[in-house]
Amino acid sequence: MCDDVADVISVAGEPQRDRARHGRADRRVRARRPVGSALAALVATGVLAAGCAFTPTLDPKPLDPAASSQILAADGTLLARVDLGQHRSPITLSAMATTLPGAVVAIEDHRFFEHSGVDYRSIVRAIKDDVSAGGVVEGGSTITQQYVRNVLLTNERTVHRKLREAVLAVQLEQHYTKQQILERYLNAVYFGNGAYGAEVAAERYFATDARHLTLSQSALLAGLLRAPDTYDPYRHADAALARRNDVLDAMARYGEATKAAVAIARTLPLGVKPPAPQHELAPYFVERVRDWFLANPVFGRTEADRATALNQGGLRITTTLDPRLQLLAEQSVATVLSDRAHDPAGALVAIDPRNGHVLAYVGGRGYDGPEPYARYDLAGLAGRPSGSTFKPFVLASALEQHVPLSRTYAGPAALTLHPPYGPPWLVHNYENEPFGKLNLVDATVHSVNTVYAQLMLDVGPQYAVSMAKRLGVTTPLQAVPSAVLGSNNVRVIDMAAAYATFANDGMRTDPVLVTSVVDGHGTVIYQAEPHRTRQLSGPIAETVNQVLQQVVTRGTGLNARIGRPVAAKTGTGEDYKDAWFVGSVPQLTASVWVGFADKPKAMVPPTTRLKVTGGTWPAQIWAQFMSAATANMPIDDFPSPPAGVGSGVLPSAPIAAVVGMPVDEATTLLHDAGYAVSTSSQPSNQYPPGTVIAQTPDANVAVPANTVVTLTVASDPASAATVPAFLGLTPAQAASTAAAARLTVTVIVAAEPPPGSPTRRGRVWKQATASGTSVEPDTTITVWVNPS
């Protein structure tokens, strides 16, 4: 190696090979040789002789620059760069504006095309500076030396390191051309603000690519290399401007730009774009993509190999995420849970049931929030009790066992059952509400615990739990009777996947996060192939969907009506600690969970603004998201099950859409179709008085003849009355408050559920219509009062 090095040193320490670039031959080099040539040659010989004593042979393989990987949304939007803190995007020299390498050479190493890796004249100058400073100072390094230092050595300022740097630089010039070295240097060097390499720097500072950099922009970037923090254009604009102009002057001096062009460029402002906010779109989703990659043996034999590929391989990982739906999901959660200091957290996952693509993913209230649990993913890592969202799995199990929907069970407020194993099981309905005998449709619509507890024992807990797993629930589940009421922990993404199986006619498609991975050379190394399996017969899935549609049209899911067929189920955890809403339209499934992330606690006043059930905040989040998400989708119906499935209890004919019609016209149409009609009024700013603004059941829902269709009719908003807050008032106070609001009250004396409070004896603890609601004057509001 040292013989090779010596061969390229001339008497004056200059190369004997042609270093021409842009027509510049080494005639220009020889013209300069007399300056300090004897001392330069002496220094060169000493440096190289000393360096050869301990410098290893250069291995060029590590010199290929590492590249950041990119995680992209389905439309190509950048979600995140993945690297070791060094954002890189290597490009060829031909993909850079010629002004950039010209600027760098002019300011960093104007003799770059004339030396053999070490500029011995600069070394002499640096040695003089070291002697004057009384120690080693930085100086005299060529572009080749800087590159070697960046990728092979450290920045320690010792004679030992500088000798190694010099010898390796000379070796490097034996392996690569000047253009190759300059290209690698410009792809590796740090430009400040997290930007490594010319391409990333061009985007970071000017929102362009390196090919389209102007003369002024190139000069600014070149000026950053010596001290990126000192010349940071965001924090030290004056210093950056002065440095840029120094680079422009150097370019004119060394022929890299004309004096006229430089004169114009000097008059221009810095022109940097505002610094990008340090925020990833869908950060919880990005973390799940990282986990998926690191666990996938396709990308490496060990996790360490896979981590290296992810952090340094320059991969393009295209995901399923839809940025528009993601923004809608985040906005929906934030809008409903608007009080960050006091409201619980929320999570939402939306899946296309046809292919399993995860389109939106909200794992919490904010990845970079102040809470200690802010980065804990509530959608994909945490499991919380499912509440009554588990009941459709039991319903599907019953249908698969040929239990007819017409089967009836008693639905008392409380019921003690005796499982074949374990102690007696005491079951209560929500708020101890009593029901008579109910078939399975009505028991689902009203989410009657005592009926479903009996059904669970009939179908068997093991069968029901197995059904949940078949449909897409992956968390460990205990096969116990209480599973039907939500005793098992489930994940938000799993519940979306399971309900998507219902929506996809019984075909399970596992959630898909990534559609393709392309390596740094453009080769596709992974292509997603959706894994579809039939887990439920089409007629049974269709029957479940038909039942779940009625949950929204006339049951616990009324707040999720969005003007199109919806099949969904509410869920409320024990003591109101968890609340769920999971539902689908034919093209999209979404799962919503609401609860406190740090420690489960009852979501009831005064902890929360209202008593949170699956039909309140979760249903509202779901409806807000789905209304916007499906705005441009056609209104499709769920397939109807074949005749006879469910013993004929299922509805038989779809209801016409009458929203927007005059009430008289709508009533006539429905009567002619064989339905009964009832009406109620509601002030509206959107529709003229006398127009139908809502209907229950919804349009296109199939129900038997003689079903009562309730029409909500618009009235003049100017005449509306506003429901006041009655909570905490005595019956007399409630009556006078109602009268002042042009309303009346009906009082029901009943003790509130435990724990209650002695301070509310004889006072209102619940009201049927929320305060602030606009209603017709003289409307009667029902309130519940504790016994005195």
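1. Helix axes here are lines fitted to C-alpha atoms over the stretch in contact, and the angle between two of them is taken between N-to-C directions, from 0 to 180 degrees. The model is a predicted one. In it, the axes of helix α13 (residues 283-294) and helix α14 (residues 303-312) come within 9 Å and cross at roughly 130 degrees. Angles from 65 to 115 degrees count as roughly perpendicular and those over 145 as roughly antiparallel; α13 and α14 are therefore oblique to each other.

2. On the α13 side, the contact is formed by R290, F293 and L294. Helix α14 contributes E303, R306, A307, A309 and L310. By type, the residues of this contact comprise 5 nonpolar and 3 charged, with no polar ones.

3. Strands β8 (residues 414-417) and β9 run antiparallel and are joined by 4 bridges. Within this pairing, L417 lies opposite W425 of β9.

4. W425 also belongs to an alternating pattern along β9 (residues 425-428). The side chains of W425 and V427 point to one face and are buried.

5. Helix α22 (residues 617-629) has 13 residues. From first C-alpha to last, α22 reaches 18 Å, close to the 18 Å expected at 1.5 Å a residue.

6. The buried residues of α22 are W617, P618, A619, I621, W622, A623, F625, M626 and A629.

Note on methods
Residues are numbered from 1 along each chain as its sequence is written. This is a predicted model: local features need pLDDT of at least 70, side-chain atom pairs count only at pLDDT 80 or more; totals for chains, interfaces and linings use all residues. Side-chain values use heavy atoms; hydrogens and water are left out. Helices (H or I, at least four residues) and strands (E, at least two) are DSSP runs, numbered from the N terminus. Angles under 35 degrees count as roughly parallel, over 145 as roughly antiparallel, 65 to 115 as roughly perpendicular and the rest as oblique. Contact means heavy atoms within 4.5 Å. Ala, Val, Leu, Ile, Met, Phe, Trp, Tyr, Cys and Pro count as nonpolar, Asp, Glu, Lys and Arg as charged, and the others, Gly among them, as polar. Buried means under 20% relative accessible area, exposed over 50%, partly exposed in between (1.4 Å probe, protein chains only). Two strands pair if DSSP finds at least two bridges between them. The expected span of a helix is 1.5 Å times one less than its number of residues.
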